[in-house]
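Please read the following report with the structure open beside it, and look up each residue as it is named.

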Amino acid sequence: MERILITGAGGQLGSELTSALADKYGAEAIVATDINENVSDKFRYCTFEVLDVLDASRMESLIERYKITQVYHLAAILSAVGEKNPLFTWKLNMDSLLNVLELGKAGKINTIYWPSSIAVFGKNTPADNTPQDCVMDPATVYGISKLAGERWCSYYFEKYGVDVRSLRYPGLIGYKSAAGGGTTDYAVDIFRAAIEGEEFECFLDKDMYLPMMYMSDAIKATLDLMEAPKEDISIRSSYNVAAISFSPKDIYQELLKYYPDFKISYNPDFRQEIAASWPDSIDDTRARLDWDWQHEYDLAKMAKDILSHLKPKNK
Ligand code: NAD
């Protein structure tokens with residue numbers, strides 16, 4: 001029987017992935033962890049433990065205590081926040097991954113999931129239909145840490161047989177949790193502004209295309225990858241995965257269909273430069289061939305679903 005520990009479970013992805021894992025494996029199989037004990041309220045349905053992922057010995061003792069077989073290592077500092085403290089971002093993102101990979105090497109856990117990001121790409125990367133293998137040259141400390149992490153994952157698989165699996169997520173869009181300080185956060189925040197009847201100030205240019213994915217597709221991709229037979233996984237660094245590409249103008253036009261009076265202004269900040277170094281769209285053929293990846297949500301379907309769930313705060 002699988003027993004699963006999730007790090008950074010209280011974040012945008014972890015909040016939803018943890019509940020999907022509980023649905024799949026049973027809540028008794030799940031140990032949600034986060035450095036922030038205030039998120040424990042989200043995890044009344046399963047075990048919650050405070051864990052700083054830099055504390056390797058506590059991580060190991062939790063893994064032993066709960067007889068954990070799989071770790072989903074989500075805790076990280078994201079692209080925009082990372083630029084404010086590059087050295088600590090490098091330390092947190094790298095040291096924590098190595099802590100988890102070492103537990104895999106020591107045979108304490110069987111399988112590891114670790115997310116990478118489209119931030120591994122840079123301005124010399126082909127921007128349209130970005131291939132799996134190409135020039136990378138990430139420009140942020142976050143992207144540098146994800147690219148180095150991918151190489152470590154591949155290294156631990158090749159040298160020590162550690163079954164570590166990874167996806168290069170595009171910008172993730174959900175409505176259940178706030179976004180965690182990335183460059184694609186505008187596409188989460190814009191929904192809240194639209195339903196509250198507030199003007200939205202966008203920190204990217206109106207024509208800034210970026211690859212994006214609805215959270216339920218991100219969860220599906222993650223579970224599909226983790227379920228795939230070991231021999232079908234041909235990429236041990238991290239798979240390109242794609243769903244939608246759109247610009248702030250496109251999502252604004254979509255929201256106008258529901259809220260004709262919705263207003264937007266554009267005031268690009270430092271995140272525009274980061275976004276401009278990332279791809280417009282991603283070629284994910286390898287994921288589609290190796291483990292039958294298919295996304296379900298385009299922009300219109302995603303907007304409809306989000307708006308059917310979000311309610312204004314005071315209603
Ligand atoms: P988030 O910022 O919303 O959540 C991160 C969580 O990690 C938070 O709950 C935070 O309290 C926790 N955390 C921070 N430092 C910690 C520490 N030292 N020990 C333990 N926990 C700590 O991030 P997210 O959007 O949920 O991202 C999760 C993962 O997915 C990250 O690895 C991120 O790089 C990756 N990813 C996210 C996106 C996206 O659009 N959200 C895109 C690509 C990749």
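Predicted model: local features only at pLDDT ≥ 70, side-chain atom pairs only at ≥ 80, totals over all residues.

C202, in contrast, counts as buried, since its relative accessible area is 0%. A disulfide is a covalent bond between the sulfur atoms of two cysteines. How many disulfides does a search of the whole structure find? The search finds zero, and for C134 the nearest cysteine sulfur, which belongs to C153, is 18 Å away. A pair of cysteine sulfur atoms must lie within 2.5 Å to be called a disulfide, and therefore C134 is in none.

**The sheet and its helices**

Six strands form an open sheet in the order β3-β2-β1-β4-β5-β7, and their pairing is parallel. At the edges stand β3 (47-50) and β7 (163-165), each of which pairs on one side only. If direction is ignored, neighbouring strands of this sheet are turned by 20° against each other on average. Within the sheet, strand β1 (residues 4-7) runs parallel to strand β4 (residues 70-73), and four bridges join the two; in this pair, I4 stands opposite Q70 in β4.

| Helix | Strands touched | Angle between directions |
|---|---|---|
| α4 (residues 86-105) | β4, β5 (111-113) and β7 | about 170° with β4 |
| α7 (residues 215-227) | β4, β5 and β7 | about 160° with β5 |

N240 has its place in strand β12, which covers residues 239-240. Is N240 buried or exposed? With a relative accessible area of 1%, N240 is buried, because this value falls under 20%. Which backbone oxygens does the side chain of N240 reach? One of them is the backbone oxygen of T130, at 3.1 Å, and another is the backbone oxygen of D283, at 3.0 Å.

When residues up to four places away in sequence are not counted, N240 touches F121, T130, P131, Q132, R168, I282, D283, D284 and A287.

Technical notes:
Residues numbered from 1 in each chain as written. Heavy atoms only, no water. Buried < 20%, exposed > 50% of the residue type's maximum accessible area, 1.4 Å probe, protein only. Polar contact = N/O pair within 3.5 Å; in protein donor to acceptor, adjacent residues only side chain to side chain. Contact = heavy atoms within 4.5 Å. Pairing = 2+ DSSP bridges. Axes fitted to C-alpha atoms, helices over the stretch in contact; angles between N-to-C directions.
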